[in-house]
Amino acid sequence: MTATDKTTLKSYFNTNDIPTETQFADFIDTIGILTLGVAASNASDSSKGRADYICDGVNDEVQIQAAIDALPASGGKIVFSEGTFICAKGGARAIDPVMNYCMTIDQTDGKLWLDGMGRATIFKLADGQDANTPIVLVQGLTADKRLSSTLITGIEFDGNETGQVASWVDFGLVTAIYSDEVTLDRCYLHSSPHQSFHFLRNCLYCRITNNRVESNSVHTGAATEVPNIIIAGNDFRDDLAVTTGSLISLVANADIGVVSEKCSVQNNIFTGGFVQLTLSGAKHCTVFGNLFRDVTDLNSVALKLEFFNSIIADYNCLENMICANVFENIRDGIYVTGDASNGSLRNHIVNNQIIEGAGVGLSYGILQSGAASLANYYAGNRIVGANLPISIAAGTAIVEHNIGYVTESYGATSVADGGTISHGLAATPTVVIVTTSVADEYAAVTALAATNFTVALTKHDGSAGTTQTIYWRAYI
């Protein structure tokens, strides 16, 4: 507390006068965080007795919004009781992007913390809501971003997918727009009509950590269109045999020219679904230490790198680091894709384990396609049981030192003139270097094949050379 603050407090309370309402409000702003309690209609009597607001179980967004609005300009904390809060449309964002909401936190609010009791605290979307109605919308404006931090912890978000009749398009149960430092931690998000969470329009320094997210629809489970986001320690799953969408998508936002850049996806578990993680036009992101498992559809893939827009070259997927992940019991592992003009460039895919499981055959470990997919680097990966461990169908790549896909080999083999040597590579070598063991004799490679190469041995006079040990090294 500063000296000025202390002087102000003394002027309020070191007096015989009764402090005014305004003075009390100033006092609250001075001492810092204010905590308000909100109780569900089915909370215990004890919880209701401690609460500042008690919900009716019908339009609980009214009491929750009232608590948010009652906080001082400096912000504060809302503590939620056990029980179910039924939330319906409470308002609408009239400017682009147009969106409804149950509760909103906007750029005029201070630092805010919404804190529940884990899965004992449930925010449930009411039946029959209008399309695009997040339960919580954290929002700023293009020229007036929300800069105060927002922390949402310990709440179960139930999207009540079967209770909705409208066609949902582009929203998450928790959505952030033009807002920095939004953190979603230790929450459970499920049954969303479209997405579980959606961060878009240039939100910075956001965190999605330690949540359980279930995508039970045919849509994308969650999406970010923002830079500098950390997605860590979450459990993402989809138990349905869906054939579209991705559990998580890091994409670009063409409307304002912002891409998912310098993001980190680390130490998450992905289970089920059609595509588990998509990097679409993402740049300089890291995907590290995740577990991808149980992706069984015939056309499914665990991790996909792709360009975002076929017209704008800046939306190529480039210079991302995919490292130290485990892929298990999946149909296809990593797909790096492009077309003739746009693609995935200079990505490093290194030191991953891609392992066939008991439930489904591993079709390919790593597949690259598209002539514009250039200069990608695949090294140190361990691929077990794949029909095609690594396939570079188009574009350019450096492939080396992978287990399960041998790209270089060497040996010492006894062979006669015109004999063959088995090289053990995954494909026909492009370079073979041979050295003789008999002085004054020469060796040359006369043919390359998928499994061996042919050696001609000659003496100085041109006659056939001696049967001898040839020292060789071969590369794809």
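Colleague: Which order do the strands take in the open sheet of three strands?

Modeller: This is a predicted model, to be clear. In the open sheet the order is S40-S43-S42, and the pairing is antiparallel. Strand S40 (420-422) and strand S42 (442-448) are the edge strands. Each of them pairs on one side only.

Colleague: By how many degrees are neighbouring strands of this sheet turned against each other on average?

Modeller: By 35° on average, direction ignored.

Colleague: Over how many bridges do S42 and S43 pair?

Modeller: Six bridges, in the antiparallel sense. Strand S43 covers residues 452-458. Within that pairing, Tyr442 stands opposite Thr458 in S43.

Colleague: Let's zoom out. How many helices and strands are in the protein?

Modeller: Four helices and 44 strands. Of the 476 residues, 52% are buried.

Colleague: And the contacts? What percentage comes from residues 24 or more positions apart?

Modeller: 71%, taken over the contacts with a separation of 6 or more.

Colleague: Helix H4 next. Which of its residues are buried?

Modeller: H4 spans residues 61-70. Its buried residues are Glu61, Gln63, Ile64, Gln65, Ala67 and Ile68.

Colleague: Which strands do they pack against?

Modeller: Six elements come up by name: strand S1 (34-39), strand S2 (53-54), strand S3 (75-80), strand S4 (83-87), strand S7 (103-105) and strand S8 (111-125).

Colleague: Take Ile64 in H4. Why does Ile64 count as buried?

Modeller: Because its relative accessible area is 0%, and buried means under 20%.

Colleague: What does Ile64 touch?

Modeller: Leaving out residues up to four places away in sequence, Ile64 touches Val38, Phe80, Phe85, Cys87, Met103 and Phe123. There is also a C-alpha separation to quote: 9.3 Å between Ile64 and Ala39, which sit 25 residues apart along the chain.

Colleague: Now the cores. Which residues touch the most other members in the largest nonpolar core?

Modeller: Ile78, Phe157 and Leu279, in a core of 86 residues. As background, nonpolar side chains tend to be buried together in soluble globular proteins.

Colleague: Which residues does Leu279 touch?

Modeller: Again without residues up to four places away in sequence, Leu279 touches Leu250, Cys285, Val287, Leu303, Lys304, Leu305, Glu306, Cys317, Asn320 and Ile322.

Colleague: And which residues does the second, separate core include?

Modeller: Among its 11 residues are Val434, Val455, Ile470 and Trp472.

How values were computed
Residues numbered from 1 in each chain as written. Predicted model: local features only at pLDDT ≥ 70, side-chain atom pairs only at ≥ 80, totals over all residues. Heavy atoms only, no water. Helix = DSSP H or I, 4+ residues; strand = E, 2+ residues; numbered from the N terminus. Buried < 20%, exposed > 50% of the residue type's maximum accessible area, 1.4 Å probe, protein only. Contact = heavy atoms within 4.5 Å. Pairing = 2+ DSSP bridges. Axes fitted to C-alpha atoms, helices over the stretch in contact; angles between N-to-C directions. Core = buried A, V, L, I, M, F, W, Y, C linked by side-chain atoms within 4.5 Å.
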